[in-house]
Amino acid sequence: ELPVVIVPRELPDWLVDVVDKLPKHATKRYERRTQPVKQIVIHHTASKPTTSAAAVARYHSMEPPMGRGYPGIAYHVYIGSDGLVELTQPLDVVSYHAGDANGTSVGVCFSGDFTVAPPTAQQLVSGKLVIAWLLDKLGLQNDAVLGHGDLMDTACPGGDWWKALLPAEPEYTSIAEAVALIRDAMVSVTKVYTLVHSLAEQVKDELDALMTQLEDAREKLAG
């Protein structure tokens, strides 16, 4: 079973921790997780590509009608149009980004409106790093990655472009298939060893016969 609280001790060099630098609500605070993380949810800001994490945090933490009235930014990781990756909430925080799935999911947001234009090349490169890192840290598989629209009635994140971020799947899809591949490989190695051993024995026999013939020839010459 996955641990409830996932807080990596060290962040990769490409991930900038801005958690304590972003605007927050004056009094409200997000709760900590009581359930394991099971999903990684992809979002877009549905705004200009230049929208910053700070701007989103400010909007989310302001009271209506100027904002959402959240405790802080709703996403855990934010990827700007220039490819900059920021940690915007600790991974053990239950932020408001995926409705009923909030308690079991991590939100990754890309700046931009991808119903109008696709993500930048820099965003796609950074997105692959983020997804691979989260899958590894959270102990999840590719099917744990979802678009916001897979969970709620929304156009976010602007199509299924995010599927290109997923790591390549291995040739096998189950432990049983992996074991079968390993077993087949071991059988192949055994066959090669047996063949080489057989050839070595054959060569040895032929060399022994040749040495016997040479010894007989030497004795005849000596006689």
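This report walks through the fold, the central strand, the cores and the pockets of the structure above.

## Model and fold

The model is predicted, so local features need pLDDT of at least 70 and side-chain atom pairs count only at pLDDT 80 or more, while totals for chains, interfaces and linings use all residues. Residues are numbered from 1 along each chain as its sequence is written, and side-chain values use heavy atoms, with hydrogens and water left out.

Let's begin with the overall layout. The protein has three helices and eight strands, taken as DSSP runs numbered from the N terminus (H or I of at least four residues for helices, E of at least two for strands). Along the sequence they follow the pattern β-β-β-α-β-β-β-β-α-β-α. Of the 223 residues, 39% count as buried; buried means under 20% relative accessible area, exposed over 50%, and partly exposed in between (1.4 Å probe, protein chains only). Among contacts (heavy atoms within 4.5 Å) with a separation of 6 or more, 74% are between residues 24 or more positions apart.

## The enclosed strand β7

β7 is largely enclosed by the rest of the structure, because six of its six residues are buried. In a regular strand the side chains alternate between the two faces of the sheet. Here S105, G107 and C109 point one way from β7, and V106, V108 and F110 point the other way.

Strands are paired if DSSP finds at least two bridges between them. β3 and β7 run parallel and are joined by six bridges, with Q39 partnering S105 of β7. β4 also runs parallel to β7, through three bridges, and I79 stands opposite F110.

## Two nonpolar cores

A nonpolar core is a set of buried Ala, Val, Leu, Ile, Met, Phe, Trp, Tyr and Cys residues joined through side-chain atoms within 4.5 Å. The largest has 26 residues, of which I40, I42, V108, F110 and L134 touch the most other members. Two or more residues come from each of β3 (39–44), β4 (77–79), β5 (85–87), β7 (105–110) and α2 (121–138), and α2 gives the largest share, six residues. Leaving aside residues up to four places away in sequence, I40 touches V106, V108, I131, L134, L135, L138, L140, A144, V145 and L146. A second, separate core of 13 residues includes Y30, Y70, Y75 and C109.

At 1% relative accessibility, Q123 counts as buried. Beyond residues up to four places away in sequence, Q123 touches I79, G80, S81, G83, F110, S111 and F114. Its C-alpha atom is 8.7 Å from that of V85, 38 residues apart along the chain.

## Pockets

Pockets are found on a 1 Å grid over the protein atoms alone: each is an open set of points where a 1.4 Å probe fits, with protein on both sides within 12 Å along at least five of seven lines, and lining residues have an atom within 4 Å of a point. Points are joined across faces, edges and corners, and a volume is the space filled by probe spheres set on them.

The largest pocket has a volume of about 360 Å³. It is lined by 22 residues, with H44, T45, H60, R68 and Y75 closest to its centre. α1 (53–61) and β3 each supply at least two lining residues, and α1 gives the most, with four. The lining divides into 11 nonpolar, 10 polar and one charged, where Ala, Val, Leu, Ile, Met, Phe, Trp, Tyr, Cys and Pro count as nonpolar, Asp, Glu, Lys and Arg as charged, and the others, Gly among them, as polar.
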